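Q: I would like to learn how to read a few features of a protein model. Can we take them one at a time?

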Amino acid sequence: MDESPCAKTWLPLEANPDVMNQFLWGLGLPEDEAECYDVYGFDEELLEMVPKPVLAVLFLYPMTAKTEEERILQDTERKQEATSGVYFMKQTVENACGTIGLLHAVGNVTSEINLREESFLDRFFKSTANMDPLERAVFLEEDREMEAAHSVAAAGGETEASVDVDKHFICYTCVDGQLYELDGAKSGPISHGPSSPSSLLQDAAKVIQQEIAKNPDSINFNVIAISKKSGEP
């Protein structure tokens, strides 16, 4: 999803931890560094089932006229905050929101995980480190290696892939003590207040529950946590 005309359209990435794991591991995130897990609910005992520490949370939600209206309003009213430490990129490829959500997740924790040297992700983040959000979007759009990897991952899901989708991925992560919502369809990162690596999942869950409450008739929501594996107690 994006508010501007898209130069390309990809098949959507399925909200499936197995698919996302194979995708990320193939791009250069070592299997013993991080892994994606389903979040089955927001009760404390269900949140506690998710391996810690959590690096980022992906949220898939149904797009409606109301959510689009809110997005535009939020962009209009959003105060420009000092977010220089946040890795953020715009979305210019239609249906690339799942991949961009994963790039947002990994891009903000590169100091905490060891990407394989000279892997795709290692080269991507080094190449785009000093770019602005739109330049990063164009870089992704022109990257044939990522397009091919995304296509393989999208085809690996359990449901038949179609370019016609009405769902959208966003990422929540903690940077410099703040919980940020990272959505390539918006103009920049949105802060949801104080957070910490230890409370990231619970903090993101509260924001996600508020979003789900706005669309009580829908069941088309998925939440996936990306957790660090090495260094676990």
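Predicted model: local features only at pLDDT ≥ 70, side-chain atom pairs only at ≥ 80, totals over all residues.

Q: Is Asn-21 buried or exposed?
A: The reading rests on relative accessible area, where under 20% counts as buried. Asn-21 has a value of 3%, so Asn-21 is buried.

Q: Which residues is Asn-21 in contact with, leaving aside its neighbours within four places in sequence?
A: The contacts are with Glu-35 and Cys-36. For Cys-36 there is also a distance to read: a polar atom of the Asn-21 side chain lies 2.6 Å from the backbone nitrogen of Cys-36.

Q: Where does Glu-33 lie, and what does its side chain make a polar contact with?
A: Glu-33 is in the loop between helix 1 and strand 2. Its side chain makes a polar contact with the side chain of Lys-228, at 3.5 Å. Glu-33 has a relative accessible area of 7% and is therefore buried. A further distance concerns Leu-115, which is 82 residues from Glu-33 along the chain, while the C-alpha atoms of the two are separated by 8.3 Å.

Q: How is a pair of aromatic rings described?
A: Two values are used, the distance of the centres and the angle of the planes. This structure holds six aromatic pairs. One of them is formed by Tyr-87 and Phe-125, with 5.2 Å centre to centre and 85 degrees between the planes, an edge-to-face pair.

Q: Which parts does the pair of Tyr-87 and Phe-125 tie together?
A: Tyr-87 is in the loop between helix 3 (65-77) and strand 4 (93-94), and Phe-125 is in helix 5 (residues 120-128), so the pair ties together parts that are 38 residues apart in sequence. Both partners are buried: Tyr-87 has a relative accessible area of 7%, and Phe-125 has 8%.

Q: What kind of pair do Phe-120 and Phe-124 form?
A: That pair is stacked, with 5.7 Å centre to centre and 25 degrees between the planes. Phe-120 and Phe-124 both lie in helix 5, four residues apart, which is about one turn of the helix. Phe-120 is buried at 4% relative accessible area, and Phe-124 is buried at 2%.

Q: Which residues do ring pairs link into a cluster?
A: The cluster consists of Tyr-87, Phe-120, Phe-124, Phe-125 and Phe-139. Tyr-87 also has Arg-136 over the face of its ring, at 4.0 Å from the ring centre.

Q: What is the order of the strands in the open sheet?
A: The sheet has six strands in the order 2-8-3-5-6-7, and the pairing is antiparallel. Strand 2 (34-38) and strand 7 (190-194) are the edge strands, each pairing on one side only. On average, neighbouring strands of this sheet are turned by 20 degrees against each other, direction ignored.

Q: How many bridges are there between strand 3 and strand 5?
A: Strand 3 (residues 54-62) and strand 5 (residues 167-175) pair over six bridges in the antiparallel sense. Val-57 stands opposite Tyr-172 in strand 5.

Q: Which strands does helix 4 lie across, and which does helix 8 lie across?
A: Helix 4 (residues 97-107) lies across strand 3, strand 5, strand 6 (178-182) and strand 8 (222-228), and runs at about 5 degrees to strand 5. Helix 8 (residues 200-213) lies across strand 3, strand 5, strand 6, strand 7 and strand 8, and runs at about 10 degrees to strand 3.

Key: Residues numbered from 1 in each chain as written. Heavy atoms only, no water. Buried < 20%, exposed > 50% of the residue type's maximum accessible area, 1.4 Å probe, protein only. Polar contact = N/O pair within 3.5 Å; in protein donor to acceptor, adjacent residues only side chain to side chain. Contact = heavy atoms within 4.5 Å. Phe/Tyr/Trp six-rings, centres within 6.5 Å; stacked < 30°, edge-to-face > 60°. Helix = DSSP H or I, 4+ residues; strand = E, 2+ residues; numbered from the N terminus. Lys NZ or Arg CZ within 6 Å of the ring centre and 35° of its normal. Pairing = 2+ DSSP bridges. Axes fitted to C-alpha atoms, helices over the stretch in contact; angles between N-to-C directions.
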